[in-house]
Amino acid sequence: MAGLAMASTGPDRDGLELDVLKVALGPVLPGWPTGLVLRADLQGDVLTSAELAWLDADTRPAVEPDRAPQEAALDRLARFLDVAGWPTAARDARRARNGMAERANRDEAQRLAEAVTRRVNRSRTLAWTAGGIGGRGSGGDVLDRVRRWCDMASGQLVEDLPATSLKDVAALVEGAEIGSARLIVASLDLRPVQAASASEHVHA
């Protein structure tokens with residue numbers, strides 16, 4: 001119809017036949033890592049056969065400029081909050097990050113960082129939305145990772161989690177709804193790597 005491919009069908013987990021659509025997320029979406037593409041089948045309301053890849057990975061710099069851990073955590077938290085539909089908290093996280101980076105009034109920036117992380121940690125709505133999805137071993141689920149970022153964003157010293165591969169990220173979004181998949185991706189610190197690398201790694 002009008003040059004568009006029709007959906008095929010496939011059995012779902014209950015043995016029913018459902019339409020299967022080919023979908024892609026990225027490479028540009030609000031709060032989405034620039035250049036990352038997620039391709040999957042959309043069967044009913046869940047993603048299956050998910051695959052992730054970076055566009056033009058071989059043209060990207062091998063090493064990104066270092067940032068202070070607290071500033072980086074505030075930036076990650078702001079992107080996640082954008083995806084989670086909490087723009088006011090995302091704005092405050094960015095204001096705190098900018099204040100930290102400018103070093104003009106670090107005390108005010110620190111107070112703002114602590115205030116926004118308290119709001120995020122205490123949010124029952126966020127706990128209900130992000131809890132229990134995207135579980136990844138010792139790294140926990142989406143909510144665990146976001147709360148860990150809150151600790152870092154408030155200035156606590158937090159050890160980095162082990163790196164994971166894009167293949168493992170694809171496994172996390174397998175069977176998730178699109179909204180949940182976006183939250184899962186937003187809860188990970190995904191960084192492009194050069195194609196010549198031995199493996200594609202990201203940090204949670």
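Over which residues does pLDDT stay under 50, and how many contacts beyond four places in sequence does the model have for them? The stretch is residues 194–201, and the model has 17 such contacts for it. Here pLDDT is the predictor's confidence in each residue, from 0 to 100, and a contact means heavy atoms within 4.5 Å.

The structure is a predicted model, in which local features need pLDDT of at least 70 and side-chain atom pairs count only at pLDDT 80 or more, while totals for chains, interfaces and linings use all residues. Residues are numbered from 1 along each chain as its sequence is written, and side-chain values use heavy atoms, with hydrogens and water left out. The mean pLDDT of the protein is 84, and 79% of its residues reach 70 or more. Residues 1–8 have a pLDDT below 50, and this stretch has seven contacts in the model beyond near neighbours in sequence.

The protein comprises seven helices and six strands. Helices (H or I, at least four residues) and strands (E, at least two) are DSSP runs, numbered from the N terminus. From that terminus on, the elements follow the order β-β-β-β-α-α-α-α-α-β-α-α-β. Of contacts between residues at least 6 apart in sequence, 54% join residues at least 24 apart.

Among the 204 residues, 44% count as buried; buried means under 20% relative accessible area, exposed over 50%, and partly exposed in between (1.4 Å probe, protein chains only). In soluble globular proteins, nonpolar side chains tend to be buried together. A nonpolar core is a set of buried Ala, Val, Leu, Ile, Met, Phe, Trp, Tyr and Cys residues joined through side-chain atoms within 4.5 Å. The largest such core here has 50 residues, and Leu36, Leu38 and Phe80 have the most contacts inside it. Apart from neighbours within four places in sequence, Leu38 touches Val23, Ala24, Leu25, Trp32, Leu47, Glu51, Leu52 and Val173.

Two features of the backbone lie in the strand region. Most residues other than glycine have a negative phi, and most peptide bonds are trans. Gly26 and Pro27, however, are joined by a cis peptide bond with omega of about 10°; Pro27 lies in the loop between strand 2 (17–25) and strand 3 (36–43). Ser49, in strand 4 (residues 46–54), has a positive phi of about 55° although it is not a glycine. Ser49 is partly exposed, with a relative accessible area of 46%.

The helices come next. Helix 2 (87–102) has 16 residues and reaches 22 Å from its first C-alpha to its last, close to the expected 22 Å; the expected span is 1.5 Å times one less than the number of residues. Its buried residues are Ala89, Ala90, Asp92, Ala93, Ala96, Arg97, Gly99 and Met100, and their cover includes helix 1 and helix 3. Arg95, also in helix 2, is partly exposed, with a relative accessible area of 46%. After helix 2 comes Arg103, whose phi is positive, near 60°.

In helix 3 (residues 106–122), Ala109, Leu112, Ala113, Val116, Thr117 and Val120 are buried. They lie on the same side of helix 3 because they cover an arc of only 130° around the axis, the arc being that of the directions from the helix axis to the C-beta atoms. Asp107, Arg111 and Arg122 are exposed on the other side. The buried residues of helix 3 are covered by elements including helix 1 (69–83), helix 2, helix 4 (124–130) and helix 5 (142–153).
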